[in-house]
Amino acid sequence: MGMFSGLDISASGLTAQRFRMDVVSANIANQDTTHGRMVNGKWVPYSRKVVNLKTIGPDSFDSILQHSLGSSSGGVEVSSVTEDPTAFPMKYDPQNPDADQNGYVQEPNVDPLKEMVDMMDANRSYEAGVTVMNANKNMLTHALDIGR
């Protein structure tokens, strides 16, 4: 493991958490979007997106190759962004142009409370990553000071 591997690992976590915050922001921005995408000739509302992360461990071929080349062999990365499979809530609004024949409109499955919890989790994880990166930077600085 190289001298800067800790910084590389922290940077991968910061990148992943920033991506999570971007997806949560998109979910909140689209919480009232009833025209998300067309499925079978019919508009369906925006579907909540969920970010899935995976660790970059020493058992993947890429990490073993990077490790042998002197690069970092750890961290985290976004493995996928999936749609939340929960059902769309129905709201009675017969004046809405998206209403069905009974006057109900499908609403997005975005819960602002869940989104805020996800945003706080990503924000705290990002802050923890910054703290780790600063601690690593301070250790490297002190190591260089020893050599003077």
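Trainee: So, how much accessible surface does the protein chain have, and what share belongs to carbon and sulfur atoms?
Mentor: About 9700 Å² for the protein chain, and 58% of that belongs to carbon and sulfur atoms. Keep in mind that this is a predicted model.

Trainee: And what percentage of the residues is buried?
Mentor: 25% of the 148 residues in the protein chain.

Trainee: OK, the fold. What's the pattern along the sequence?
Mentor: Reading along the chain you get α-β-β-β-α-β-β-β-α. That comes to 3 helices and 6 strands.

Trainee: Let's look at α1. What span should it have, and what does it have?
Mentor: Helix α1 runs over residues 5–29, which is 25 residues, so at 1.5 Å a residue it should span 36 Å. Its end C-alpha atoms are 36 Å apart, so that agrees.

Trainee: Which residues of α1 are buried?
Mentor: Quite a list; among them are Leu14, Ala16, Gln17, Arg20, Met21, Val23 and Val24. Ser5, Ser10, Ser12 and Asn27 are buried as well.

Trainee: How should I think about the spacing in a list like that?
Mentor: An α-helix has 3.6 residues a turn, so residues three or four places apart point the same way.

Trainee: And what covers the buried residues of α1?
Mentor: The cover includes strands β3 (49–55) and β4 (76–83), plus helix α3 (112–146).

Trainee: Last topic, aromatics. How many pairs does a search of the whole structure find?
Mentor: It finds 1 aromatic pair. The rings belong to Tyr92 and Tyr104, with centres 5.3 Å apart and planes at 65 degrees, so the pair is edge-to-face.

Trainee: Where do the two sit?
Mentor: Tyr92 is in strand β5 (residues 90–92) and Tyr104 in strand β6 (residues 104–106), so the pair ties together parts 12 residues apart in sequence.

Trainee: And how accessible are they?
Mentor: Tyr92 is exposed at 54% relative accessible area, while Tyr104 is partly exposed at 37%.

Definitions and conventions: Residues numbered from 1 in each chain as written. Predicted model: local features only at pLDDT ≥ 70, side-chain atom pairs only at ≥ 80, totals over all residues. Heavy atoms only, no water. Helix = DSSP H or I, 4+ residues; strand = E, 2+ residues; numbered from the N terminus. Expected span 1.5 Å × (residues − 1). Buried < 20%, exposed > 50% of the residue type's maximum accessible area, 1.4 Å probe, protein only. Contact = heavy atoms within 4.5 Å. Areas by Shrake-Rupley, 256 points an atom, 1.4 Å probe, with all protein chains shown as cover. Phe/Tyr/Trp six-rings, centres within 6.5 Å; stacked < 30°, edge-to-face > 60°.
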